[in-house]
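I opened this entry to keep a record of what I looked up in the model. The notes go from the whole chain to single pairs of residues.

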Amino acid sequence: NETGNYGLSLQRLNNPGMGTTLSFGQSVAGAISQLAELDTYTFTGMAGDVVLVRMGVSSYQLDPQIRLYRPDGTLLCSVAGDFSNGGGVVELNESNCVILPEDGQYKLVAGDGYDSANDGTGNYGLSLQRLNNPGMGTVLSFGDSVTGKIDLLGEVDTYTFTATSGDRVLFRMGASSFQLDPQIRLYGPDGALLCSKAIDSPFEGGVAELNDSNCAALLSDGQYTLLAGDNGGNETGNYGLSLQRLNNPGM
């Protein structure tokens with residue numbers, strides 16, 4: 001009983017067309033430019049992989065929705081948020097999405113979808129990472145201090161280091177004023193989240209730290225993964241990052 005303009009999208013979920021191929025560790029910028037648009041991304045995973053997918057938007061734009069489909073096209077998991085007034089981020093991670101069940105090509109569909117409204121458009125950033133065996137990570141040694149930059153909405157930067165069972169680590173991320181709100185997360189060799197810290201101090205900068213008071217001693221030998229990003233997923237900027245081992249420090 002009404003008339004007006006609309007947007008229409010069609011996609012095949014078991015073998016999508018016009019999809020953008022992603023690699024683990026990659027962050028990309030995208031835009032939903034018309035009503036009901038769906039952007040499709042594909043990646044190859046293996047059974048047992050633990051993945052993190054992060055989609056961030058800035059203020060007064062779309063409400064982000066991401067959906068992950070199995071190789072046969074059936075829905076594995078999805079998440080959506082309502083950030084139309086302030087920007088924000090949604091994630092598929094180890095807390096709300098199971099470990100990949102099989103080898104094959106997986107599909108990510110990004111769009112506007114909070115409360116099934118599908119009436120928003122705007123820019124977004126999308127990141128993909130594998131937590132048990134990350135791609136494109138920067139290798140750190142104990143005692144290192146480095147600088148980095150979050151260039152895209154929803155971006156996560158990945159760092160890896162090798163440790164021994166019983167090690168106690170200190171990981172510190174700082175940002176200056178008028179930039180991002182630091183968020184740091186530490187994952188074990190199996191991709192399980194061990195501890196995390198984030199601050200929310202808009203226009204003030206600040207530092208987030210994992211140390212012996214909020215992160216227990218490491219439980220196994222192997223490669224550990226650190227993720228650095230903006231807590232709200234809607235800001236960009238420079239940061240500094242330091243790693244140290246407290247029981248046997250380096251440098």
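Accessible areas here come from the Shrake-Rupley method with a 1.4 Å probe, and for residues only the protein chains shown count as cover. On that basis I read an accessible surface of about 11,600 Å² for the chain, of which 46% belongs to carbon and sulfur atoms.

Some notes on provenance. The model is predicted, so I kept in mind that local features need pLDDT of at least 70 and side-chain atom pairs count only at pLDDT 80 or more, while totals for chains, interfaces and linings use all residues. Residues are numbered from 1 along each chain as its sequence is written, and side-chain values use heavy atoms, with hydrogens and water left out.

**Whole chain**

I looked up the secondary structure and found 0 helices and 18 strands. Both are DSSP runs numbered from the N terminus, helices being H or I with at least four residues and strands E with at least two. The radius of gyration is 19 Å, close to the 18 Å that the globule rule gives for 251 residues, so the chain is as compact as a globular protein of that length. That radius is taken over C-alpha atoms, and the rule is 2.2 Å times the number of residues to the power 0.38. The C-alpha trace spans about 70 × 45 × 25 Å along its principal axes.

I then checked burial: 49% of the 251 residues count as buried. Buried means under 20% relative accessible area, exposed over 50%, and partly exposed in between (1.4 Å probe, protein chains only). For contacts (heavy atoms within 4.5 Å), I noted that residues 24 or more positions apart account for 78% of those with a separation of 6 or more.

**Disulfides**

How many disulfides does a search of the whole structure find? It finds 2, a disulfide being a pair of cysteine sulfur atoms within 2.5 Å.

In one of them, the sulfur atoms of Cys-77 and Cys-97 are 1.9 Å apart. The torsion about this S-S bond is about -45°, so the disulfide is left-handed. Cys-77 sits in strand β6 (residues 75-80) and Cys-97 in the loop between β7 (88-92) and β8 (104-112), so the pair ties together parts 20 residues apart in sequence. I found both Cys-77 and Cys-97 buried.

Cys-195 and Cys-215 also form a disulfide, with their sulfur atoms 1.9 Å apart. Here the torsion is about -50°, so this disulfide is left-handed. Cys-195 belongs to strand β15 (residues 193-198) and Cys-215 to the loop between β16 (206-210) and β17 (222-230), so the bond ties together parts 20 residues apart in sequence. Both Cys-195 and Cys-215 are buried.

Counting bonded cysteines along the chain, I wrote down the pattern 1-2, 3-4.

**Aromatic pairs**

The search of the whole structure gave 4 aromatic pairs. Rings of Phe, Tyr and Trp (its six-membered ring) pair if their centres lie within 6.5 Å; planes under 30 degrees apart count as stacked, over 60 as edge-to-face and the rest as tilted.

One of the pairs, Phe-24 with Phe-43, is edge-to-face, at 5.6 Å centre to centre and 65° between the planes. Phe-24 lies in the loop between β1 (20-21) and β2 (26-32) and Phe-43 in strand β3 (residues 38-45), so the pair ties together parts 19 residues apart in sequence. Both are buried.

The rings of Phe-43 and Tyr-106 have centres 5.7 Å apart and planes at 15°, so they are stacked. This pair links strand β3 to strand β8, 63 residues apart. Both Phe-43 and Tyr-106 are buried.
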